[in-house]
Amino acid sequence: MARIRNPEPAHPGHRSAPQHRHQDAAARVSGSLSVVLPDPLRLYRGGVLHGVRMAYETWGRLNPAGDNAILLFTGLSPSAHAAATDADPTPGWWQRMIGPDLALDTSRYFIVCVNTLGSCFGSTGPASIDPATGQRYATSFPEIAVEDIAKAAWEATRALGIERLAAVVGASLGGMSVLAFAAQFPLAARRLISISGSAAASPFAIALRSVQREAILRDPDWQGGHYAPEHPPRTGMRLARKLGTITYRSAAELRQRFGREPLAGVAGNVGPFAPRFAVEGYLEAQAERFTRIFDPNCYLYLSSAMDRFDLAEHGGSFAAALHAVASESVLVIGVESDMLFPIDEQAAIAEAFERNAVPTRFARLSSLEGHDAFLIDIPHFCGEIRSFLG
């Protein structure tokens with residue numbers, strides 16, 4: 001088995017320089033590396049993709065035995081840039097979780113974060129060029145499932161010469177991907193950590209995401225998915241992101257953070273429907289940033305994949321889907337203020353593992369920040385994960 005070797009010591013912001021099983025398959029995409037998967041990639045719902053490229057970043061180094069790798073799944077919108085690297089020193093989306101003596105301890109583990117299949121940050125997705133036509137896939141991209149996201153990330157990891165993982169970790173969509181990974185590859189990881197995820201999308205989440213998608217689909221600039229990259233359906237994306245942002249946080253946090261504070265710089269003679277409150281300014285800033293960086297078609301595909309995910313498809317029940325899991329231990333984390341992925345959904349995940357006699361810890365966190373707590377309440381999450389990994 002080929003192994004990744006990195007003679008340099010790991011340190012914060014350092015990406016190891018792995019020797020790939022297929023050197024000609026790897027290439028840089030922005031600050032990430034990428035690898036081409038074995039062809040073709042057959043999809044869970046029947047489609048096929050050719051020439052699939054997956055973007056990834058790594059931290060730490062693989063040990064000589066090749067058994068200290070942790071696969072990190074992202075949520076719907078992040079790139080593989082979970083923490084600073086030499087190639088990209090900007091802080092990543094989990095910057096305070098990855099590094100020496102942190103939750104994902106790079107002095108002990110080799111962390112691999114893979115950008116999601118269907119995303120727009122280096123991995124193959126609707127915004128990519130279809131090799132058969134030379135044009136962007138757009139809506140000709142086949143339907144993808146959370147199972148495909150898990151499979152593609154595992155194939156990317158195996159392309160680096162890793163055949164068994166110390167752990168698989170993910171939050172939100174990533175937490176769902178951990179479950180899809182466990183159902184499909186039950187022997188592949190010693191430990192599993194599912195954070196703020198769900199074994200099946202709830203009616204509330206489906207309803208929410210259906211409205212978000214409708215905002216994009218009804219934007220005249222969507223053009224049936226064949227919009228010019230420089231002229232996407234910005235209005236629809238802005239509305240979708242604002243609605244999502246409201247559900248990512250808790251009402252209590254927004255009350256504590258903004259109250260009825262007025263929006264800075266608003267003149268007294270503005271129109272009757274103009275934004276007047278600081279919380280409105282916050283939503284606008286979130287929407288503007290997201291619209292600049294994320295592709296609308298990618299959003300539609302990944303959002304739909306989350307809705308259709310149901311772990312019970314793998315055997316008839318959540319527990320049956322996980323019956324072959326041979327992991328040593330599982331950590332499930334939920335947040336009591338999360339209204340998008342309510343904590344009873346994480347409780348159901350923990351129960352499914354327990355029914356299969358898999359040692360499971362269920363951590364109920366009282367974080368104020370709702371679904372986004374895993375990005376913000378770092379001390380609580382770091383403590384749980386670091387204690388679990390030992």
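Biologist: As what does Ala87 count at its relative accessibility?

Modeller: At 42% relative accessibility, Ala87 counts as partly exposed, where buried means under 20% relative accessible area, exposed means over 50%, and partly exposed is in between (1.4 Å probe, protein chains only). This is a predicted model, in which local features need pLDDT of at least 70 and side-chain atom pairs count only at pLDDT 80 or more, while totals for chains, interfaces and linings use all residues. Residues are numbered from 1 along each chain as its sequence is written, and side-chain values use heavy atoms, with hydrogens and water left out.

Biologist: Where is Ala87 found, and by what distance are the C-alpha atoms of Ala87 and Leu104 separated?

Modeller: Ala87 is in the loop between strand E6 (69-73) and strand E7 (110-114); helices (H or I, at least four residues) and strands (E, at least two) are DSSP runs, numbered from the N terminus. Although Ala87 and Leu104 are 17 residues apart along the chain, their C-alpha atoms are separated by 20 Å.

Biologist: Which residues does Ser198 touch, not counting residues up to four places away in sequence?

Modeller: A contact means heavy atoms within 4.5 Å, and with those sequence neighbours left out Ser198 touches Met176, Leu179, Phe309, Phe341, Glu345 and Ile349. Ser198 sits in the loop between strand E9 (191-195) and H3, and it is buried, with a relative accessible area of 1%. The C-alpha atoms of Ser198 and Leu179, which are 19 residues apart along the chain, are separated by 8.5 Å.

Biologist: Which residues of helix H5 are buried, and why do they lie on the same side of H5?

Modeller: In H5 (residues 251-258) the buried residues are Glu253, Leu254 and Phe258. They cover an arc of only 100° around the axis, and therefore lie on the same side of H5; the arc is that of the directions from the helix axis to the C-beta atoms. These buried residues pack against helix H6 (278-293), whereas the face turned away from the buried side carries the exposed residues Ala251, Arg255 and Gln256. After H5 comes Gly259, whose phi is positive, near 55°.

Biologist: What is phi of Ser172, and what is phi of Gln223?

Modeller: Both are positive values in residues other than glycine: phi is near 65° for Ser172 and near 55° for Gln223. Ser172, in the loop between strand E8 (167-171) and helix H2 (173-184), counts as buried at 10% relative accessibility. Gln223, in the loop between helix H3 (203-217) and helix H4 (234-248), is exposed, with a relative accessible area of 52%.

Biologist: Which residues does a cis peptide bond join?

Modeller: The cis peptide bond joins Asp39 and Pro40, with omega about -5°, and Pro40 lies in the loop between strand E2 (32-36) and strand E3 (41-42).

Biologist: How many helices and strands has the chain, and what is its radius of gyration?

Modeller: The chain has 11 helices and 11 strands. Its radius of gyration is 21 Å, close to the 21 Å that the globule rule gives for 390 residues, so the chain is as compact as a globular protein of that length; the radius is taken over C-alpha atoms, and the rule is 2.2 Å times the number of residues to the power 0.38. Along the principal axes, the C-alpha atoms fill a box of roughly 70 × 50 × 45 Å, and buried residues make up 55% of the 390 residues.
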